[in-house]
Amino acid sequence: MNLASLPRVIVEPLVRAALAEDLGLAGDITSAAVIPEEHRSTVVMAARQPGVVAGLDAAELAFQLVDPAITLRRHLPDGAAVEPGSVIATIEGPSRGLLTAERTALNFLGHLSGIASVTAGIVAAIRNTRASVVCTRKTTPGLRALEKWAVRAGGGMNHRFALHDAVLIKDNHVAIAGSVAEAIQRAKAGVGHMIKIEVEVDTLEQLREAMGEGVDAVLLDNMTPDQLREAVGIVAGRAITEASGRVTPATAPAIAASGVDLISVGWLTHSAPVLDIGLDFLDAASERATPLPRVAQAF
């Protein structure tokens with residue numbers, strides 16, 4: 001998978017904020033007290049369960065920002081499938097910095113790899129259909145760019161990034177406007193020609209109303225596979241069709257078989273479990289590392 005890296009200008013502030021949260025005013029007082037400044041180690045980041053890797057840029061930045069002397073060598077790229085024991089990266093450098101950055105690096109890597117992994121599961125379930133999996137705005141505040149990146153690493157696609165880059169008329173907009181048609185007309189009058197317009201519909205009647213006004217995409221919410229199949233026939237290629245609601249790896253194949261273009265899944269970003277990834281010291285590294293001196297007195 002060929003994934004363009006997220007710009008550092010986006011990733012670095014997030015990693016800096018996470019490190020600042022962990023370090024506070026005094027830094028890593030445990031590592032400073034226990035580990036000599038000159039001590040060096042080599043460690044590996046390894047998967048402890050099967051999944052898909054995502055978030056290496058953030059993990060690497062965590063180590064580099066703590067100590068520029070730390071180097072991370074990637075053995076697998078974002079988007080790579082892993083099994084228990086798969087070595088993702090080797091990291092070398094001052095031991096204090098390694099342990100100080102460890103949790104922040106693994107928090108990013110585990111969380112984003114978890115999103116990539118569940119996305120890959122849905123993608124695999126609908127592999128033989130025309131449908132693509134997309135994420136939503138149901139993301140962790142502040143981490144949307146990274147989480148949507150992780151969806152792409154898992155083989156999915158991104159929906160709109162925020163409120164400003166596309167019009168999505170939801171049921172509450174329709175309720176206030178008075179009708180689907182009125183909401184669409186207001187949207188067309190209020191945005192420029194470069195902005196796409198999508199409308200959410202709950203019934204086939206609303207869908208027919210939306211198609212009468214002309215939209216770029218329709219969000220078919222909580223419809224059965226039979227309803228979705230009929231909806232695709234009504235649209236007849238005049239707009240992008242997107243299904244949402246109660247999507248799981250078990251239900252996705254039937255939804256995709258209806259002929260929709262997209263399946264949106266909110267829980268990819270709001271409820272994906274963390275992929276278990278650990279930081280392990282190499283036996284050889286322990287032999288090469290500077291031994292810890294005995295502590296003469298307790299503090």
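Figure 1. Helix α3 covers residues 56–66, and because eight of its eleven residues are buried, the helix is largely enclosed by the rest of the structure. Here buried means under 20% relative accessible area, exposed means over 50%, and partly exposed lies in between, with a 1.4 Å probe and protein chains only. Helices (H or I, at least four residues) and strands (E, at least two) are DSSP runs, numbered from the N terminus. The buried residues of α3 are Leu56, Asp57, Ala58, Ala59, Glu60, Leu61, Ala62 and Phe63. They pack against α1 (8–23), β1 (40–47), β3 (71–74), β5 (87–94), α4 and β12 (277–281), where contact means heavy atoms within 4.5 Å. This is a predicted model, in which local features need pLDDT of at least 70 and side-chain atom pairs count only at pLDDT 80 or more, while totals for chains, interfaces and linings use all residues. Residues are numbered from 1 along each chain as its sequence is written, and side-chain values use heavy atoms, with hydrogens and water left out.

**Figure 2. The largest nonpolar core and the surroundings of Leu207.** A nonpolar core is a set of buried Ala, Val, Leu, Ile, Met, Phe, Trp, Tyr and Cys residues joined through side-chain atoms within 4.5 Å. In the largest such core, which has 80 residues, the members that touch the most other members are Met45, Phe63 and Leu207. Helix α4 gives the most to this core, contributing twelve residues. When neighbours within four places in sequence are left aside, Leu207 is in contact with Val201, Val218, Leu220, Ala231, Ile234 and Val235. In soluble globular proteins, nonpolar side chains tend to be buried together.

Figure 3. Helix α5 spans residues 144–153, and because seven of its ten residues are buried, it is largely enclosed by the rest of the structure. Its buried residues are Leu146, Glu147, Lys148, Trp149, Ala150, Val151 and Ala153, and they pack against α1, β2 (51–52), α4 and α11 (267–270). Just after α5, Gly155 takes a positive phi of about 100°. Thr119, which is placed in helix α4 (residues 95–125), counts as buried because its relative accessibility is 0%. Not counting residues up to four places away in sequence, Thr119 touches Val151, Gly154, Gly155, Gly156 and Leu268.

Figure 4. Most residues other than glycine have a negative phi, and most peptide bonds are trans. Ala236, which is not a glycine, has a positive phi near 50°, and its place is in the loop between α9 (225–235) and β10 (240–244). With a relative accessibility of 56%, Ala236 counts as exposed. Arg246 is likewise not a glycine and has a positive phi of about 55°; this residue lies in the loop between β10 and α10 (252–257). Arg246 counts as exposed because its relative accessibility is 61%.

Figure 5. Ala189 lies in helix α7, which covers residues 180–190, and it counts as exposed because its relative accessibility is 71%.

Figure 6. An unreviewed UniProt entry lists "domain: Quinolinate phosphoribosyl transferase N-terminal" at residues 28–113, a span that is 42% helix and 28% strand, with its end C-alpha atoms 26 Å apart. From an unreviewed UniProt entry also comes "domain: Quinolinate phosphoribosyl transferase C-terminal" at residues 115–280; over these residues the chain is 42% helix and 17% strand, and the end C-alpha atoms are 23 Å apart. UniProt positions are given in the numbering used here, feature names are shortened, and annotations may be inferred rather than shown by experiment. The chain has twelve helices and twelve strands, and its C-alpha trace spans about 80 × 40 × 30 Å along its principal axes. Of its 299 residues, 47% are buried. Among the contacts in the chain with a separation of 6 or more, 71% come from residues 24 or more positions apart.
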